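Please look over this model with me.

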Amino acid sequence: MARQPLFAGSLTAFGLAIAAVSAVLDQAVKLWLVYGFDLGGRGVVSLTPFLDLVLAWNTGISYGLFPQDGPVGQWVLLALKAAAVVLLWIWLARSSSRLTALALGLIIGGAIGNAIDRLHWPGVMDFALFHVSFGGVRYNWYVFNLADTAIVAGVIGLLYESLLGDGAAKAPRSRP
């Protein structure tokens, strides 16, 4: 039996193309917001009654956990992200479902987009803030970016595939 290459499979090119598009779009939007739109100089920009553009630098991981102000901590976070991308790429190489490949591509692209931020900015650039007000009290969601959105969409795709997809153990079965 022939052994499958570690980083290549039938859907690897598709998943990596999704990753590349996700990372490029993320970086293009961030660069435009900083240099074209001057989000830093504008402060809070209200787009809708529930969505603002704000400039925030996340030096930690998701939700700002474990902030790292020094270079050693930033490099540790980059190394962890690189290891995660390698493991996700191996999973991608073994995937047989286009949805799984799409989802993994989104996650990989989002991780790469946020990793690029750490290489040239003080942290990950976040800019979208959802909020809602009830009874005079404003509730804010965390500030996020396009890469975060790609990661969340990828996780939702993987959850769908594992819980309801054709090969899922608990997938609803149609009756004959």
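**Notes on the predicted model**

1. Start with helix H4, residues 98-120. Helix H4 has 23 residues and reaches 33 Å from its first C-alpha to its last. That is close to the 33 Å expected at 1.5 Å a residue. Keep in mind that this is a predicted model.

2. Now look at the N-terminal end of H4. Serine 97 caps that end. One of its side-chain oxygens lies 3.2 Å from the backbone nitrogen of leucine 99.

3. Alanine 101 also belongs to this part of the chain, as it lies in helix H4. Its relative accessible area is 0%, so alanine 101 is buried. Along the sequence, alanine 101 and alanine 19 are 82 residues apart. In space, their C-alpha atoms are 9.8 Å apart.

4. Step back to the whole fold. The protein contains 5 helices and 4 strands. Their order along the sequence is α-α-β-β-α-α-β-β-α. The protein has 176 residues, and 40% of them count as buried.

5. How many salt bridges does a search of the whole structure find? The search finds 3. Why might two side chains pair in this way? Side chains of opposite charge can pair when their charged atoms come close.

6. Take lysine 30 and aspartate 26. Their side chains meet in a salt bridge, with 2.8 Å from N to O. Both residues sit in helix H1, residues 12-36. They are 4 residues apart there, so about one helical turn separates them. Both lysine 30 and aspartate 26 are buried.

7. Lysine 30 has another partner. Aspartate 117 forms a salt bridge with lysine 30, and the closest N and O atoms are 2.6 Å apart. Why do both count as buried? Aspartate 117 counts as buried because its relative accessible area is 0%. Lysine 30 counts as buried because its relative accessibility is 0%. Together, Asp26, Lys30 and Asp117 are linked in a network of salt bridges.

8. Next, check aspartate 52 and arginine 138. Their side chains meet in a salt bridge of 3.2 Å, N to O. Aspartate 52 lies in strand E2 (residues 51-58) and arginine 138 in strand E4 (residues 137-140), so the pair ties together parts that are 86 residues apart in sequence. Are these two residues buried or partly exposed? Aspartate 52 has 5% relative accessibility, so it counts as buried. Arginine 138 has 41%, so it counts as partly exposed.

9. Move to helix H5, residues 146-163. H5 has 18 residues, which should span 26 Å at 1.5 Å a residue. The end C-alpha atoms of H5 are 26 Å apart, so the span agrees. At the start of H5, a side-chain oxygen of asparagine 145 comes to within 2.9 Å of the backbone nitrogen of alanine 147.

10. Which residues of H5 are buried? They are Ala147, Asp148, Ala150, Gly154, Gly157, Leu158 and Glu161.

11. Glutamate 161 is buried yet has no salt bridge. The nearest side chain of opposite charge is arginine 98, which is 10 Å away. Which side chains make polar contacts with glutamate 161? Serine 97 is one of them, at 2.6 Å. Threonine 100 is another, at 3.4 Å. Serine 97 is also the residue that caps H4.

12. There is a nonpolar patch on the surface. Val155, Leu159, Tyr160, Leu163 and Leu164 form this patch, with about 470 Å² of accessible area together. Leucine 164 lies in the segment after helix H5. Its relative accessibility is 46%, so leucine 164 counts as partly exposed.

13. Finish with aspartate 38, in the loop between H1 and helix H2 (39-42). Aspartate 38 has a positive phi of about 55°, although it is not a glycine. Its relative accessible area is 40%, so aspartate 38 is partly exposed.

Technical notes: Residues numbered from 1 in each chain as written. Predicted model: local features only at pLDDT ≥ 70, side-chain atom pairs only at ≥ 80, totals over all residues. Heavy atoms only, no water. Helix = DSSP H or I, 4+ residues; strand = E, 2+ residues; numbered from the N terminus. Expected span 1.5 Å × (residues − 1). Polar contact = N/O pair within 3.5 Å; in protein donor to acceptor, adjacent residues only side chain to side chain. Patch = residues over 30% accessible without salt bridge, like charges linked within 9 Å, V, L, I, M, F, W, Y side chains within 5 Å. Areas by Shrake-Rupley, 256 points an atom, 1.4 Å probe, with all protein chains shown as cover. Salt bridge = Lys/Arg side-chain N within 4 Å of Asp/Glu carboxyl O. Buried < 20%, exposed > 50% of the residue type's maximum accessible area, 1.4 Å probe, protein only. Lys, Arg positive; Asp, Glu negative; His and termini not counted.
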